[in-house]
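Trainee: I would like to go through the labels given to this model and ask what each one rests on.
Mentor: Go ahead, one label at a time.

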Amino acid sequence: MSSGGLELPPGDSGHEGGPADAPGGVPGAVAAGAAVSLAPPAAGEVRAGAELDWSADAWSEVRTRAQRAGRAYIWLNLIEQRLRSVVGAVLRPVYEPVHGGDDWVVAAAGPAGQEWVQRAVAVREVSRRKGYLLDPADDNVLSFLTLPQLRELMVQHWPCFEPYFDDRREIELALDELEVTRNVVSRNRALSRAVLEQAERASARLLEVLGAGSGSPSADRLPIDAVEDLVGDRYADVISVHPDRVRLQRQLPAEDLFGGARRLDAIGIGLNLLVQNFSGRRLVRLSEAGCRVRLLFLNPASSAVKRRERELGLRKGELSRSVEMNILHVRRVRAGLTDPSRFDIHVFDETPRFTAYLVEGQSPGIAVVQSYLRRARGMEAPVLVLRGGGRGVPKDADHGLFQTYREEFESVWEDSRPVS
């Protein structure tokens with residue numbers, strides 16, 4: 001049933017053509033509104049009429065195509081707008097004083113680009129006559145240049161861009177990777193997941209090189225992109241989900257998660273993500289740079305540790321010794337600080353319900369959260385990554401999970417005991 005109250009054809013073979021004896025039926029008639037099949041007829045198959053129905057598999061395929069193409073298009077749109085801005089900012093002051101108006105773009109293109117720049121001028125004129133220019137800011141030739149043409153302008157005039165960008169080769173390689181995706185999306189062909197992921201990585205890298213990044217290493221690893229801005233409200237502040245911690249660390253290594261922190265709060269049984277993946281020296285430098293650290297471990301002598309050992313099938317005392325070693329490690333880190341008061345270690349005796357790393361810095365806060373499962377170690381449990389305060393937060397911030405886990409941390413911290 002569609003939103004307009006009309007029932008769609010069920011997609012069975014009976015809709016290929018209505019039987020002649022059906023009420024109102026016409027031999028060879030086809031259900032109205034049906035779509036064309038993606039698959040060609042089988043070899044040697046001869047049919048009198050076209051098959052217009054889509055099977056469930058065909059609908060699934062086109063939906064996947066549309067989702068991938070839509071995400072890729074947003075990235076390509078971002079890159080094109082950013083490159084257009086950069087080209088205009090660098091070349092306009094060079095050519096506009098001499099040639100004026102929009103003629104500066106024609107002059108910058110030179111004889112080599114005469115054909116495509118004239119085509120852009122013609123398209124602009126047609127858009128003017130037909131009323132396609134909805135924003136006066138787009139009424140210029142530069143807005144009608146495509147990504148390859150903008151790239152050509154940059155390459156032709158690289159000495160003008162060189163003072164602003166270190167590596168021309170890196171920019172060209174990223175644009176080469178995007179060209180495959182641009183070609184596929186513009187012709188509405190199938191885009192594989194691997195090519196889409198390659199395009200997203202190239203786009204993020206290119207935006208960083210072109211100066212559109214935040215400048216914070218921890219933020220660059222999880223950039224807020226246009227896709228998140230468009231659909232983020234549907235998922236509160238959850239920005240990614242991983243089936244286990246191994247897959248999380250492929251996308252978000254510990255260095256990128258903790259490296260730029262100005263405030264780090266962590267709660268869990270043994271906090272292995274921090275202790276075993278972020279070196280003690282690095283933790284010392286982080287704290288000496290002004291990071292406020294609060295670590296909450298499960299008390300290794302509590303009955304909750306013994307219950308957890310039984311759940312995981314561990315030998316008696318195995319988990320408690322592991323937690324003790326982690327606590328000793330962070331105590332040594334704290335002992336080496338010039339100001340140990342900014343590095344607090346506590347233990348709690350409650351049943352552990354989750355592990356969470358709440359990291360805040362110059363960029364929006366990031367939280368990595370895992371629930372404890374009865375038969376799965378922390379490395380094997382699903383992971384949520386949450387976006388904290390700042391830009392990109394859902395409009396209805398009350399529904400964000402970051403603040404929920406922040407409040408839970410503060411509640412347990414108040415009831416915990418410090419480690420001397």
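Trainee: Why is Cys160 called partly exposed?
Mentor: This is a predicted model, and in it Cys160 has a relative accessible area of 28%. Buried requires under 20% and exposed requires over 50%. The value for Cys160 is 28%, so the residue is partly exposed.

Trainee: Where is Cys160 placed, and what does Cys160 touch beyond four places in sequence?
Mentor: Cys160 is in helix H5, residues 158-161. Setting aside residues up to four places away, Cys160 touches Val90 and Leu91.

Trainee: What makes Tyr405 buried or exposed?
Mentor: The relative accessibility of Tyr405 is 17%. The cut-off for buried is under 20%, so Tyr405 counts as buried. Tyr405 lies in helix H16, residues 401-415, and touches Phe354, Leu358, Val369 and Leu386, not counting residues up to four places away. From the C-alpha atom of Tyr405 to that of Tyr357, 48 residues apart along the chain, the separation is 9.4 Å.

Trainee: Asp244 lies in a loop. How do you know whether Asp244 is buried or exposed?
Mentor: By the value again: Asp244 has 14% relative accessibility. That is under 20%, so Asp244 counts as buried. The loop runs between strand S1 (238-242) and helix H10 (245-251). Leaving aside neighbours within four places in sequence, Asp244 contacts Met379, Glu380, Ala381, Pro382 and Val383.

Trainee: Why is Gln370 called buried?
Mentor: Gln370 has a relative accessible area of 2%. Gln370 belongs to strand S6, residues 366-371. Residues touching Gln370 from beyond four places in sequence include Arg245, Phe354, Thr355 and Gly378.

Trainee: Which residues touch the most other members in the largest nonpolar core?
Mentor: Leu257, Phe258, Ile267, Leu274, Leu295, Phe297 and Phe343, out of 54 residues in that core. Another core, of 42 residues, lies apart from it, and has Leu178, Val185, Ala199 and Leu207 among its members. As for Ile267, residues touching it from beyond four places in sequence include Leu296, Phe348, Phe354 and Val412.

Trainee: How do helices H6 and H7 cross?
Mentor: The axes of H6 (residues 168-186) and H7 (residues 193-209) come within 9 Å and cross at roughly 145 degrees. H6 passes H7 in a left-handed crossing. By class, their contact has ten nonpolar, three polar and three charged residues. Among those meeting there are Leu178 of H6 and Ala199 of H7.

Trainee: What share of the chain counts as buried?
Mentor: Of its 420 residues, 39% count as buried. The secondary structure comes to 16 helices and eight strands.

Methods. Residues are numbered from 1 along each chain as its sequence is written. This is a predicted model: local features need pLDDT of at least 70, side-chain atom pairs count only at pLDDT 80 or more; totals for chains, interfaces and linings use all residues. Side-chain values use heavy atoms; hydrogens and water are left out. A nonpolar core is a set of buried Ala, Val, Leu, Ile, Met, Phe, Trp, Tyr and Cys residues joined through side-chain atoms within 4.5 Å. Buried means under 20% relative accessible area, exposed over 50%, partly exposed in between (1.4 Å probe, protein chains only). Contact means heavy atoms within 4.5 Å. Helices (H or I, at least four residues) and strands (E, at least two) are DSSP runs, numbered from the N terminus. Axes are lines fitted to C-alpha atoms, for helices over the stretch in contact, and angles run from 0 to 180 degrees between N-to-C directions. A crossing is left-handed if the near helix is turned anticlockwise from the far one by less than a right angle, and right-handed if clockwise. Ala, Val, Leu, Ile, Met, Phe, Trp, Tyr, Cys and Pro count as nonpolar, Asp, Glu, Lys and Arg as charged, and the others, Gly among them, as polar.
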